[in-house]
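Biologist: Hi! Could you walk me through this model, with the cut-offs as we go?

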Amino acid sequence: MYEFTDGFVVVNFNGKYGVIDSIGRKIIPFRFDEITEISSGKAAVRKGSKWAFIDLHDRIIPVKFNYNKAFAFHKGFAIVEIKSKWGVIDEKGMLVISPQYDELKLIANNVFVARRDSLYGLIDPNHNVLVPVEYEKYTVYENEFVLLMKAGDRLWYNTRSFDVIRKESAE
């Protein structure tokens, strides 16, 4: 059993997952192979090897079991994998970042670290490039500041104000 979120909890019963409310009423029948945490009234669900999203009325959010992997919604967005590439959908199930990255991670304030091959950059949910995908390493500090590094260059980015606050070059 998971923790209650907004009065609901994911439960495993006889090997299948469903959702119940705080008084034990079945909200989502026990028919899924896996369910992520409930967030914003939605959850990612897996049947076999494919993922989809459902709301708490047991309605699938547009795409039926099309994702290879899916993570819970956070701040209105969910990271999904399609054909070994990662993208982002909004709460209506619409792709807002097309699946083209080898890795995506939501770090703070709806800023995503994007990895393509072995390089990192920062993007927002509108697919605006905040920092180009050309840095070799990154570190997140206090969920607000990101340090990106490559060949002696260092760039500090503030996810709250959405700007580069400092850039240092080895040259």
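Biologist: What should I know about the ground rules?

Modeller: This is a predicted model, where local features need pLDDT of at least 70 and side-chain atom pairs count only at pLDDT 80 or more, while totals for chains, interfaces and linings use all residues. Residues are numbered from 1 along each chain as its sequence is written, and side-chain values use heavy atoms, with hydrogens and water left out.

Biologist: What is the mean pLDDT of the protein?

Modeller: The mean is 92, and 99% of the residues reach 70 or more. Here pLDDT is the predictor's confidence in each residue, from 0 to 100.

Biologist: Which elements have the lowest and highest mean pLDDT?

Modeller: Strand β7 (residues 60-61) has the lowest, at 85, and strand β14 (residues 119-123) has the highest, at 97. Strands are DSSP runs of E with at least two residues, and helices are runs of H or I with at least four, numbered from the N terminus.

Biologist: Let's do sheets. What is the strand order in the open sheet of 4 strands?

Modeller: The order is β16-β17-β18-β19, with antiparallel pairing. Two strands count as paired if DSSP finds at least two bridges between them. β16 and β19 (163-168) are the edge strands with a single partner each, so one side of each has no neighbour in the sheet.

Biologist: And what does the twist average from one strand to the next?

Modeller: It averages 20°. The axes behind angles are lines fitted to C-alpha atoms, for helices over the stretch in contact, and angles run from 0 to 180 degrees between N-to-C directions.

Biologist: How many bridges join β17 to β18?

Modeller: There are 6, joining strand β17 (residues 145-150) to β18 in the antiparallel sense. Leu148 has Leu155 in β18 as its bridge partner. The two strands form a hairpin with 2 residues between them, and Ala151 in the turn has a positive phi of about 30°.

Biologist: How about β18 and β19, how many bridges there?

Modeller: That antiparallel pair has 5 bridges, and Tyr157 is partnered by Val164 in β19. Their hairpin has 4 residues between the strands, with Phe162 at a positive phi near 55°.

Biologist: Is β18 mostly covered or mostly open?

Modeller: Mostly covered, since 5 of its 6 residues are buried. Buried means under 20% relative accessible area, exposed means over 50%, and partly exposed is in between, with a 1.4 Å probe and protein chains only.

Biologist: What about Thr159, buried or exposed?

Modeller: Thr159 is buried, at 1% relative accessible area. This residue lies in the loop between β18 and β19. The side chain of Thr159 makes a polar contact with the side chain of Asn109, at 3.0 Å. A polar contact is a pair of N or O atoms within 3.5 Å; within protein, one must be able to donate a hydrogen and the other to accept it, and residues adjacent in sequence count only if both atoms are side-chain atoms.

Biologist: Switching to β6: why is it largely enclosed?

Modeller: In strand β6 (residues 50-55), 5 of the 6 residues are buried, so the rest of the structure largely encloses it. Strand β5 (residues 42-47) pairs with β6 in the antiparallel sense over 6 bridges, and their hairpin has 2 residues between the strands, with Gly48 at a positive phi near 65°. On the way to β7 there are 2 bridges, also antiparallel, and Ile54 stands opposite Ile60 in β7.

Biologist: Now rings. How many aromatic pairs are there?

Modeller: The structure holds 7. Rings of Phe, Tyr and Trp (its six-membered ring) pair if their centres lie within 6.5 Å; planes under 30 degrees apart are stacked, over 60 edge-to-face, and the rest tilted. Phe13 and Phe30 have ring centres 5.6 Å apart and planes at 50°, so that pair is tilted. Phe13 is in strand β1 (residues 8-13) and Phe30 in strand β3 (residues 26-32), so the pair ties together parts 17 residues apart in sequence.

Biologist: What about Tyr141 and Trp156, how far apart are their ring centres?

Modeller: They are 5.3 Å apart with planes at 35°, so this pair is tilted. Tyr141 is partly exposed at 35%, whereas Trp156 is buried at 18%.

Biologist: Which residue's charged end sits over the ring of Phe71?

Modeller: Lys69 does, 5.2 Å from the ring centre. The rule is NZ of Lys or CZ of Arg within 6 Å of the ring centre and within 35 degrees of the ring normal. Lys150 also lies over the face of Tyr135, at 4.9 Å from the ring centre.
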